[in-house]
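Biologist: I would like to learn how to read a few local features in a structure. Could you take me through some?

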Amino acid sequence: MEFSVKSGSPEKQRSACIVVGVFEPRRLSGTAEQLDEISEGYISNLLRKGDLEGKSGQMLLLHHVPNILSERVLLVGCGKERELDERQYRQIITKTINTLNETGSMEAVCFLSELHVKGRDIYWKVRQAVEAAQDALYSFDSLKTRIAEPRRPLRKVVFNVPTRRELPIGERAVAHALAIAEGITTCKNVANMPPNICNPAYLAEQAKILDSDYEKVTTTIVGEKEMEELGMGSYLAVGRGSVNESLMSIIKYDGAGDDSKPLVLVGKGLTFDSGGISLKPGLGMDEMKYDMGGAAGVLGAMHALAELNLSINVIGVLAGCENMPSSNAYRPGDILTTMSGQTVEVLNTDAEGRLVLCDALTYVERFNPDAVIDVATLTGACVVALGAHATGLLSSHNPLAHELLNASEQSGDRAWRLPLWDDYQDQLESPFADFTNLGGKEAGTITAACFLSKFTKKYNWAHLDIAGTAWRSGKNKGATGRPVSMLTQFLLNRAGQEQGE
Ligand code: BES
Ligand code: MN
Ligand code: ZN
């Protein structure tokens with residue numbers, strides 16, 4: 001898909017379709033008003049007859065509007081003008097793109113980017129529109145042998161900005177959005193890939209592809225032999241029941257030279273989590289292919305970063321592993337020695353994410369990181385606490401937590417902070433080892449983060465639990481691409497490019 005910005009009046013556009021907003025009740029937006037005048041009241045006439053109320057998401061496609069150069073006019077209901085918020089704006093764009101794609105317009109000029117959205121500027125509106133459009137047009141069909149393609153698919157959308165002065169800012173918004181959308185697509189593609197194809201070796205291959213595609217990226221792979229030498233007993237234990245070798249990919253992006261401390265992103269990469277000997281129930285177990293969603297998110301953010309060519313140093317780590325039952329698998333009762341030297345009593349082999357992450361988090365100490373953020377589909381408890389709407393954020397470092405919350409607010413990729421008080425640490429006590437990998441039934445998301453906090457004392461650290469946000473279940477099952485946009489926004493902010501300058 002091609003996106004661009006321009007500044008012009010609606011009646012002068014010669015396009016397959018122009019898209020303008022109508023508010024509730026039957027009130028024309030500024031651009032719709034202009035079209036109405038030139039068409040001698042054609043549109044207001046239709047509204048008077050009751051063809052469109054203006055409710056959010058309503059669509060009315062018109063052909064041959066008098067005196068209009070474009071073939072079609074798509075009227076889009078935007079709800080009450082004063083109530084147009086971020087979520088509605090994105091939903092309206094999504095519906096618009098789907099309608100355009102299904103009704104034969106191969107290109108369109110869209111004036112919805114000019115609507116007033118509370119507290120948001122033109123940069124935000126254009127960027128969100130492009131991201132929402134790319135999201136709407138995504139489908140995972142590389143493994144289908146029969147694909148229903150629209151006959152005349154949408155190929156090009158131009159978003160209008162109010163004046164020529166806003167063109168550079170709009171162009172920048174498009175560029176940022178396209179880079180982020182590319183990262184999101186990468187994330188979705190690997191996350192949706194089935195676990196018989198997407199195993200740890202496949203994850204490592206994807207990490208290598210970034211290396212070959214971008215000058216500033218260098219990828220190295222740590223295999224089981226090296227993990228053995230490093231003493232990563234906990235990570236190795238989780239993968240032991242699987243015939244697929246555990247592989248940890250290290251993706252280095254060098255954008256700022258040697259003397260700038262890197263940001264480190266660590267993703268949980270369980271390409272399948274059966275639960276191991278503490279086997280999960282069968283219902284919905286297929287969705288545990290998404291247990292590498294953290295690694296997919298890190299890969300996607302690294303892709304977006306490389307595409308944006310930012311002047312910062314970032315290292316992405318994909319902690320690839322498969323958790324399977326086998327006669328060789330680790331078991332409840334086992335005591336593992338982690339790379340940090342601390343010992344862990346395994347009480348449940350399904351609490352495996354923290355066991356993989358803890359060694360990856362110790363491993364990254366060697367990079368002398370400025371900050372470390374881990375991303376993981378870590379706990380079912382997070383889905384209970386926050387549902388599918390917000391990513392759980394836990395951090396022992398307030399400034400880093402606030403930076404991430406800011407980035408989530410800016411990008412619309414929501415996160416909500418949960419406490420990480422020492423009070424919860426007691427739940428991990430073990431009679432036989434330094435601690436257990438199980439915190440009991442209360443506050444599961446927090447105790448999982450408490451576990452990780454025992455391995456992150458040497459740097460500033462934050463943890464994102466994306467168990468509820470990384471994929472959708474049900475009829476529209478599929479990866480969401482979250483939290484690529486939050487992470488990339490964080491990186492943009494760090495590189496000092498948060499705005500349209
Ligand atoms: N990958 C799961 C967490 C998960 C479950 C994410 C469902 C999304 C949906 C994780 O490895 C796990 O199994 N966690 C256990 C932890 C428990 C045994 C302490 C859980 O949440 O039930
Ligand atoms: Mn598990
Ligand atoms: Zn898991």
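This is a predicted model: local features need pLDDT of at least 70, side-chain atom pairs count only at pLDDT 80 or more; totals for chains, interfaces and linings use all residues.

Biologist: Start with the metal. Which residues coordinate the manganese ion (ligand 2)?

Modeller: Look for the donor atoms around the ion. Here they come from Asp273 (OD), Asp350 (O), Asp350 (OD) and Glu352 (OE), at 2.0 to 2.2 Å. Along the chain, these donors follow the spacing D-x76-D-x1-E. The pair Asp273 and Asp350 links distant parts of the chain, 77 residues apart. Asp273 sits in strand β10 (residues 263–273). Asp350 sits in the loop between β13 (343–345) and α10 (353–363).

Biologist: Why is the arrangement around the manganese ion (ligand 2) called irregular?

Modeller: Check the angles. The six donor atoms subtend 70 to 165°, which makes the arrangement irregular.

Biologist: Which residue bridges the manganese ion (ligand 2) and the zinc ion (ligand 3)?

Modeller: Asp273 does, and the two ions lie 3.1 Å apart.

Biologist: Are Asp273 and Asp350 buried or partly exposed?

Modeller: Read the relative accessible area. Buried means under 20%. Asp273 has 2% relative accessibility, so Asp273 counts as buried. Asp350 has 21%, so Asp350 is partly exposed.

Biologist: Now the backbone. What should I expect in general?

Modeller: Most peptide bonds are trans, and most residues other than glycine have a negative phi. Look for the exceptions.

Biologist: Where are the cis peptide bonds that involve Pro25 and Pro483?

Modeller: One joins Glu24 and Pro25, with omega about -5°. Pro25 lies in the loop between β2 (17–24) and β3 (27–28). Another joins Arg482 and Pro483, with omega about 5°. Pro483 is in the loop between β20 (478–479) and α14.

Biologist: What is the phi of Asn309, and what is the phi of Ala443?

Modeller: Asn309 has a positive phi of about 55°, although it is not a glycine. Ala443 also has a positive phi of about 55° and is not a glycine. Asn309 lies in the loop between α9 (293–308) and β11 (313–323). Its relative accessible area is 43%, so Asn309 is partly exposed. Ala443 lies in the loop between β17 (435–436) and α13 (444–453). At 30%, Ala443 is partly exposed.

Biologist: Last, a helix residue. Where is Ser485, and which residues does Ser485 touch?

Modeller: Ser485 is in helix α14 (residues 484–494). Its relative accessible area is 6%, so Ser485 is buried. To read its contacts, set aside residues up to four places away in sequence. Ser485 then touches Glu131, Ile180, Ile184, Ser411 and Asp413.

Notes. Residues are numbered from 1 along each chain as its sequence is written. Chains are lettered from A and ligands numbered from 1 in the order in which they are written. Side-chain values use heavy atoms; hydrogens and water are left out. Helices (H or I, at least four residues) and strands (E, at least two) are DSSP runs, numbered from the N terminus. Buried means under 20% relative accessible area, exposed over 50%, partly exposed in between (1.4 Å probe, protein chains only). Contact means heavy atoms within 4.5 Å. Donors are N, O and S atoms within 2.8 Å of the metal (3.2 Å for Na, K and Ca); water is not among the atoms, so sites may look incomplete. Four donors count as tetrahedral if all angles lie between 85 and 135 degrees; four count as square planar and six as octahedral if opposite donors are over 155 degrees apart and all others between 65 and 115; anything else is irregular.
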